[in-house]
Amino acid sequence: MADLRQFEALRAVHAEGSVTAAARRLGWGQPTVDYHLKNLERLVGSPVLARSPRGSRLTPVGVLLLERAQEILTLSERAIRDAREFSQLGRVRLRFGTFATAAANILPFVASRIADLGIEIDALLEEVPALVDQINRGALDAALVYTVPGYELPFRPNVVTTEVHRDPLMLALPVGHRLASPAPVDLPALLSLRDERWVFATTADDPMDRIVVDAFAAEGHALDVAIRTDEFQVLLGMTAARMVVGLIPSLATTAAHPGIVLRPINDPSFVRSILVATPADDASRSPSAAVRQLVAAIRDGFAAVRSESRAEG
């Protein structure tokens, strides 16, 4: 089995250009560097260095190994740093912002998971533009937000985002509508709804609405927005009453609603990318250990939601 010191020796020789200089860089003796490199060559069954009086360079096999070794050493260093930071945390409170549908699905799971690690959260429910603003101002330690393909949220450069879930968008139609069947709807069929009355979010630049508006605008059509609301139950109720049609994310469709048919949209653009946004706390752009634990719990929470959905399906 490979030894991390073999990878450290390989990396140092590549950086310094000779075994002697690599030994100085690592604070080891030259025989120690040679020992680890020769053991690595025995494991591989091929030379990893081409040696000459002018120094040493990596062979093609050595270059391939170095690419993998960099990943392994980075993960190893991150694991040690995370464990060291985590052992020093004690009780921590994090300011965490989220939008309502995500909170309803995963917040209890997340709060329970990180409480076992000594981390508590002060949760704030807001719409995405407000969450982006608060992260940019440093008023939150982390925020759960969403966007759609091709639309970047206006974060400052020091904010790091990590995708934790992809949430398909569904077309909500009243029972009896000409398109109300269980099968997915394609983009041409969606665009045939140009004369319908639509329901949009309260915020004018909501990403879910922008992707609909832009799809119709590309065909030269402007939509009739009948009502704006951030309450999905209002959207469903008005749709059931045959007053509007609209899009609803899968996360908001956990319960059946009478009078409604939900059709998947057969187009990769119609999906919410759910992101955790965190301000980086140093030049490495790496969030704190506590925030990384929060992100891991959020990711696990969405994985649990996916598993439940498959089991129900």
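## Packing of H1 and H3

In this predicted model, helix H1 (residues 4–16) packs against helix H3 (residues 30–44) with the two axes 9 Å apart and at an angle of about 110 degrees. Because angles of 65 to 115 degrees count as roughly perpendicular, H1 and H3 are described as roughly perpendicular to each other.

The H1 side of this contact consists of Arg5, Gln6, Phe7, Ala9, Leu10 and Val13, which meet Val33, His36, Leu37, Asn39, Leu40 and Leu43 in H3.

## Nonpolar cores

The largest nonpolar core comprises 62 residues, and Leu144, Trp198 and Ile298 have the most contacts inside it. Helix H10 (residues 289–312) is the element that gives the most to this core, contributing 8 residues.

Beyond its neighbours within four places in sequence, Ile298 is in contact with Phe96, Ile106, Val110, Leu144, Val164 and Val276. Another core, of 18 residues, lies apart from the largest one; its members include Ala12, Leu40, Leu65 and Leu73. Leu40 is also among the H3 residues that meet H1.

## The E1–E2 hairpin

Strands E1 (residues 49–52) and E2 (residues 55–58) are paired in the antiparallel sense over 4 bridges. The two strands form a hairpin, with 2 residues between them. Within this pairing, Arg51 has Ser56 in E2 as its bridge partner.

## Confidence of the model

The protein chain has a mean pLDDT of 86, with 92% of its residues at 70 or more. Among its elements, strand E5 (residues 142–147) has the highest mean pLDDT, 94, whereas helix H4 (residues 60–87) has the lowest, 79.

Note on methods: Residues numbered from 1 in each chain as written. Predicted model: local features only at pLDDT ≥ 70, side-chain atom pairs only at ≥ 80, totals over all residues. Heavy atoms only, no water. Core = buried A, V, L, I, M, F, W, Y, C linked by side-chain atoms within 4.5 Å. Buried < 20%, exposed > 50% of the residue type's maximum accessible area, 1.4 Å probe, protein only. Contact = heavy atoms within 4.5 Å. pLDDT = per-residue confidence, 0-100. Pairing = 2+ DSSP bridges. Axes fitted to C-alpha atoms, helices over the stretch in contact; angles between N-to-C directions. Parallel < 35°, antiparallel > 145°, perpendicular 65-115°, else oblique.
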